[in-house]
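Subject: Handing over the model

Hi there,

Here is the structure I promised to pass on. Please open it alongside this email, and I will go through what turned up.

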Amino acid sequence: MSQIVGFEVTNSKLLPILLELIKDEDGDVRLNSASGLISLADVLGNDLLSDSVISSLSQLTKDTQWRVRSAVYDLIADLGISLGKEPFHKNLKEIFFGFLTDTAASVRNEGIKKLGELSISYRSDWVIDEVVPKLNEIYDQDKQGYLYRMCVINAGIEIARSLSKTQINAHIVPIMLKACTDSVANVRITVCKAIKKLVSIPEGASCGSNFKSTLSDMINDSDKDVAHFAYVAESAI
C-alpha cells in the first residue's frame with residue numbers, strides 16, 4: 001500500500017498508525033506491526049529512521065516475548081541492508097548489537113545469522129572496525145554470563161566467512177584461543193566445535209596450526225566432554 005499512496009501519505013498516515021500498533025498489548029500485533037516497517041523503507045528511505053521509529057525499535061528489543069525481540073533484530077538487520085551502512089551505523093548499530101546479550105538463546109542464534117548477512121553486505125572493513133571490538137568487549141566483561149561468551153564465539157565464526165586468511169588470523173583466532181582457557185567447560189566445548197567449523201571455511205583452513213598445541217593440551221582436560229571435542233577439533237586440522 002505504501003508504494004501506491006506515496007511518500008507523503010506513508011509518512012504522515014501509515015507510519016504513525018504502525019507506531020501506535022507497535023505499542024499494542026497483544027504480542028502478535030506488536031510483532032506484525034514491527035515487521036510492517038520494512039515495507040515502508042522502500043518508500044521513505046532514510047526518512048524512516050525518525051527518532052520515534054528508532055525509539056520504538058529500541059523498546060521492542062526489550063519486549064517480554066522473545067519472538068517479538070527476535071523479529072525486531074531481524075528487521076533492524078534487514079533495514080541496515082536496505083538503507084545502507086551509514087544510516088545503520090548512525091542509528092541502528094548499537095540497538096542491533098543488543099542481540100548478543102539477549103536472555104533467549106533463540107534470539108541470540110538468529111541474531112548471529114543476521115550479523116553474518118550484514119557482514120557480507122558491509123564487507124570486511126566494517127567487520128574489523130565495528131564487530132570485532134564489540135565481540136571482545138562483551139567477552140571480556142566480567143559481569144557477562146558464560147552464555148554470552150558462547151554467543152561471541154559463534155558470532156566470531158559467522159563473521160569469519162567475510163574475512164580473508166590474514167584477517168581471520170589477526171582478529172578471530174585470538175578470540176578462539178582466549179576461549180580455550182575459559183573457566184567454564186561449556187565455553188571450552190563451544191570453542192572446540194567452533195574451531196572445527198573455522199578450519200572448514202576456505203579462508204580459515206590454514207589457521208588450524210594456531211590451535212594445534214592448545215587442542216593437544218585440551219585433550220587432557222579434566223572435563224571429559226571438553227577432552228572429546230578437543231580431540232574432534234584437532235583431528236579436523
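Helices here are DSSP runs of H or I with at least four residues, numbered from the N terminus. By that rule, threonine 214 is found in helix α11, residues 212-218. Before going further, please keep in mind that this is a predicted model.

**Overall picture**

Along the principal axes, the C-alpha atoms fill a box of roughly 65 × 35 × 25 Å. The protein has 237 residues, and buried ones make up 50% of them. If you take the contacts between residues at least 6 apart in sequence, 64% join residues at least 24 apart.

**The nonpolar core**

The largest nonpolar core has 79 residues, and Leu37 and Phe96 are those with the most contacts inside it. Helix α7 (residues 105-140) supplies the largest share of this core, 13 residues. Setting aside residues up to four places away in sequence, leucine 37 touches Leu15, Leu18, Ile22, Leu48, Val53, Leu57 and Leu75.

Most residues other than glycine have a negative phi. Arginine 123 is not a glycine, yet its phi is positive, at about 80 degrees. Its relative accessible area is 61%, and arginine 123 is therefore classed as exposed.

**Two helix pairs**

Two packed helices are described by the angle between their axes and the distance between the axes. I picked out two pairs to show you.

How do α2 and α5 run relative to each other, parallel or antiparallel? The axes of helix α2 (residues 27-35) and helix α5 (residues 66-83) cross at roughly 5 degrees and come within 9 Å. Angles under 35 degrees count as roughly parallel, and α2 and α5 are therefore roughly parallel to each other. From α2, Gly27, Leu31 and Ala34 meet Arg67, Val68, Ala71, Val72 and Leu75 in α5. By class, the residues of this contact divide into 6 nonpolar, 1 polar and 1 charged. Leu75 of α5 is also one of the residues touched by leucine 37.

The other pair is helix α9 (residues 165-180) with helix α10 (residues 185-198), packed at an angle of about 150 degrees with axes 8 Å apart. That angle makes α9 roughly antiparallel to α10, and α9 passes α10 in a left-handed crossing. On the α9 side, Ile168, Ile172, Met176, Ala179 and Cys180 meet Val187, Arg188, Val191, Ala194, Ile195 and Leu198 of α10. This contact has 10 nonpolar residues, no polar ones and 1 charged.

- Arginine 149 lies in helix α8 (residues 146-160). Is arginine 149 buried or exposed? At a relative accessible area of 12%, arginine 149 is buried. Beyond four places in sequence, arginine 149 touches Tyr139, Gln144, Asp182, Ser183, Val184 and Val187. Val187 is also among the α10 residues that meet α9.
- Cysteine 192 is found in helix α10 and counts as buried, at 1% relative accessibility. Leaving aside neighbours within four places in sequence, cysteine 192 is in contact with Leu215, Met218, Val226, Phe229, Ala230 and Ala233. Cysteine 192 and aspartate 28 are 164 residues apart along the chain, and 39 Å separates their C-alpha atoms.
- Threonine 214 is partly exposed, with a relative accessible area of 22%. Not counting residues up to four places away in sequence, threonine 214 touches Leu177 and Cys180. Threonine 214 and leucine 177 are 37 residues apart in sequence and 7.8 Å apart in space, C-alpha to C-alpha.
- Lysine 224 is found in helix α12, residues 224-236. At 74% relative accessibility, lysine 224 counts as exposed. Between lysine 224 and alanine 185, which are 39 residues apart in sequence, the C-alpha to C-alpha distance is 9.6 Å.

Enjoy looking around, and do write back with any thoughts.

Best wishes

Conventions
Residues numbered from 1 in each chain as written. Predicted model: local features only at pLDDT ≥ 70, side-chain atom pairs only at ≥ 80, totals over all residues. Heavy atoms only, no water. Axes fitted to C-alpha atoms, helices over the stretch in contact; angles between N-to-C directions. Helix = DSSP H or I, 4+ residues; strand = E, 2+ residues; numbered from the N terminus. Parallel < 35°, antiparallel > 145°, perpendicular 65-115°, else oblique. Left-handed = near helix turned anticlockwise from the far one by under 90°. Contact = heavy atoms within 4.5 Å. Nonpolar A, V, L, I, M, F, W, Y, C, P; charged D, E, K, R; others polar. Core = buried A, V, L, I, M, F, W, Y, C linked by side-chain atoms within 4.5 Å. Buried < 20%, exposed > 50% of the residue type's maximum accessible area, 1.4 Å probe, protein only.
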